[in-house]
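Open the model in your viewer and keep the selection tool at hand. We will go from one stop to the next.

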Amino acid sequence: MKKGLKNLWILLALAFVVFFALSIFDIPEICGYKPKSSELADVLFEEREHEEESDEYNEEEYAEVVETDSDTILASDPQSIFPVPADTTTQTILFIGDSMLDGLSPRLAAYSNQSGFHQYSVIWYSSTSEKWSKAKRVKEYIEKINPTFIFICLGSNELMVKDIIEKRQQFVSDIIDQIGNIPYLWIGPPNWREDTGINRLIQNNVPEGCYFRSAGMKFERRKDGAHPTSASASLWMDSIIRWMPEHSAHPIGFEIPEKKTGKVDHIFIHSPSED
């Protein structure tokens, strides 16, 4: 009984194969009879061709979308907009900030001297973003020096300001407005303790590639525990210069200096008591 069932299943399978073949392929006339195709093959092959055409269309469409949305893609992906070609023209640099310039300015001057650039430094001791903003001192020195690039180092005297976002937002924004379209780099403070938000405040207000975060770096400090030593400040400036070619929105073609320090064209000094 089991053998008979097995043979029956084999016959049914063979019959199905024959029927399937006759139904999908164009079979020539046999003994005056021509089996009619079910056109199943045409449907299957047409569907496959349609899938291939669809794949090709999608690729073209994707390429068009990428090209059309290229600005959006570049803006959202920093890796796609950096590095930016360095500006190799002669620069007039304005370096403004607080007492941290005591260590940074001489080392930047070495780079400026080696590169044939002019550098003017403005040191306002114990200054804050509030003081610089209210005095309109950034605008004052821009009009006096006519710089092609500005370095700023501010924030060290604002590490522990409470509610700093609310209290300093308008001043940071105003400083940036005073700078206008001049390329710049804001150097963040060399934190010796956790701040209350000054780094976040500045970074959130400047464009990508215009802020160098110093917090987290290791420094040798002076006796006050805050200011980096001259040697450490020089290494700090070296780190900034090395960072610029790959990450700055406006890199400059600095040459590596032969000397450890250099001379600026002029240093402007402001005391803590000045408004």
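**Stop 1: two crossing helices**

Select Gly-103, Leu-104, Arg-107, Leu-108 and Tyr-111 in α5, then Ala-233, Ser-234, Trp-236, Met-237, Asp-238 and Ile-241 in α10: these two groups meet. Contact here means heavy atoms within 4.5 Å. By class, this contact of α5 with α10 has seven nonpolar, two polar and two charged residues. Ala, Val, Leu, Ile, Met, Phe, Trp, Tyr, Cys and Pro count as nonpolar, Asp, Glu, Lys and Arg as charged, and the others, Gly among them, as polar.

Before moving on, note that this is a predicted model, in which local features need pLDDT of at least 70, side-chain atom pairs count only at pLDDT 80 or more, and totals for chains, interfaces and linings use all residues. Residues are numbered from 1 along each chain as its sequence is written, and side-chain values use heavy atoms, with hydrogens and water left out.

Now show the whole of both helices. α5 covers residues 101-115 and α10 covers residues 230-247. Their axes come within 8 Å and cross at roughly 50°. Axes are lines fitted to C-alpha atoms, for helices over the stretch in contact, and angles run from 0 to 180 degrees between N-to-C directions. α5 and α10 are therefore oblique to each other. Angles under 35 degrees count as roughly parallel, over 145 as roughly antiparallel, 65 to 115 as roughly perpendicular and the rest as oblique. The crossing of α5 and α10 is right-handed, that is, the near helix is turned clockwise from the far one by less than a right angle.

**Stop 2: the sheet**

Zoom out. The protein has 10 helices and six strands. Helices (H or I, at least four residues) and strands (E, at least two) are DSSP runs, numbered from the N terminus. The six strands form an open sheet in the order β5-β4-β3-β1-β2-β6, with parallel pairing. Two strands pair if DSSP finds at least two bridges between them. Which strands stand at the edges? They are β5 (211-212) and β6 (266-270), and each has a single partner strand, so one side of each is left without a neighbour in the sheet.

Next, select β3, residues 149-153. Five bridges join β3 to the parallel strand β1, residues 92-97. Find Ile-93: its bridge partner in β3 is Phe-149. Leu-94 stands opposite Ile-150. Four bridges pair β3, again in the parallel sense, with β4, residues 184-187. There, Ile-152 stands opposite Trp-186.

**Stop 3: a loop residue**

Select Asn-146, in the loop between α7 and β3. Asn-146 is exposed, with a relative accessible area of 59%. Leaving aside neighbours within four places in sequence, Asn-146 is in contact with Thr-92 and Tyr-141.

**Stop 4**

Finish with α7 (residues 137-145) and α8 (residues 164-179), whose axes come within 8 Å and cross at roughly 15°. α7 and α8 are therefore roughly parallel to each other. Arg-137, Val-138, Lys-139 and Ile-142 in α7 meet Ile-175, Gln-178 and Ile-179 in α8. These residues divide into four nonpolar, one polar and two charged.

Terms used:
Buried means under 20% relative accessible area, exposed over 50%, partly exposed in between (1.4 Å probe, protein chains only).
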